[in-house]
Amino acid sequence: MNIEKFVGIPWVEGGRSFTEADCYGILMLYYKEFLEITLKDYIPDPERVWFKKEINESFPIFKDFNEVTDLKPHDVLWIKWKDTSTGITNHVAVYLGKGLILESAKVTGSIIVPLKKRRKLVHKCFRHRSF
């Protein structure tokens, strides 16, 4: 599959499609379309309470991942991305390999950027249990 399919999708909070997606939406799309793995979603929380909290291992959506220190393609990065509207850190990205990550942000939409631009912000790295 062509990775460019995931680039240029406008950022919309709660978006889960190729027409609009937030950072977790891009992660879900990548895993489903590229790896044929369906990830759990947090959308059932209508108040979006989780979004007001820091990402951590207790969220059910991350139960299928193990923490790793050696990055490999398809790993998930938890990034300490300061959200000025909530004052917390809550961003995810996908490591593509060759020093590149796929992410989606409010300002840029979905983009591929060098990991070195975010490396100091990476909080933890996780690998899906199927790998």
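Let me start with how the model is to be read. It is a predicted model, in which local features need pLDDT of at least 70 and side-chain atom pairs count only at pLDDT 80 or more, while totals for chains, interfaces and linings use all residues. Residues are numbered from 1 along each chain as its sequence is written, and side-chain values use heavy atoms, with hydrogens and water left out.

On confidence, the protein chain has a mean pLDDT of 84, with 78% of its residues at 70 or more; pLDDT is the predictor's confidence in each residue, from 0 to 100. Strand β2 (residues 76-83) has the lowest confidence, with a mean of 78, and strand β5 (residues 109-114) the highest, at 97.

Turning to the fold, the chain contains 1 helix and 6 strands, in the order α-β-β-β-β-β-β along the sequence; helices (H or I, at least four residues) and strands (E, at least two) are DSSP runs, numbered from the N terminus. Strand β4 (residues 100-105) and β5 pair in the antiparallel sense over 6 bridges, where pairing requires that DSSP finds at least two bridges between two strands. These strands, β4 and β5, form a hairpin with 3 residues between them, and L102 has I112 in β5 as its bridge partner.

Now to the histidine: is H74 buried or exposed? H74 sits in the loop between β1 (65-68) and β2, and counts as buried because its relative accessibility is 17%; buried means under 20% relative accessible area, exposed over 50%, and partly exposed in between, with a 1.4 Å probe and protein chains only. Its side chain makes a polar contact with the side chain of Y30 at 2.6 Å, a polar contact being a pair of N or O atoms within 3.5 Å, where within protein one must be able to donate a hydrogen and the other to accept it, and residues adjacent in sequence count only if both atoms are side-chain atoms.

Finally, the structure holds 7 salt bridges, each a side-chain nitrogen of Lys or Arg within 4 Å of a carboxyl oxygen of Asp or Glu. One of them joins the side chains of D70 and R127 at 3.6 Å, N to O; D70 lies in the loop between β1 and β2 and R127 in strand β6 (residues 122-128), so this pair ties together parts 57 residues apart in sequence. Here D70 is partly exposed, at 37% relative accessible area, whereas R127 is buried, at 11%.
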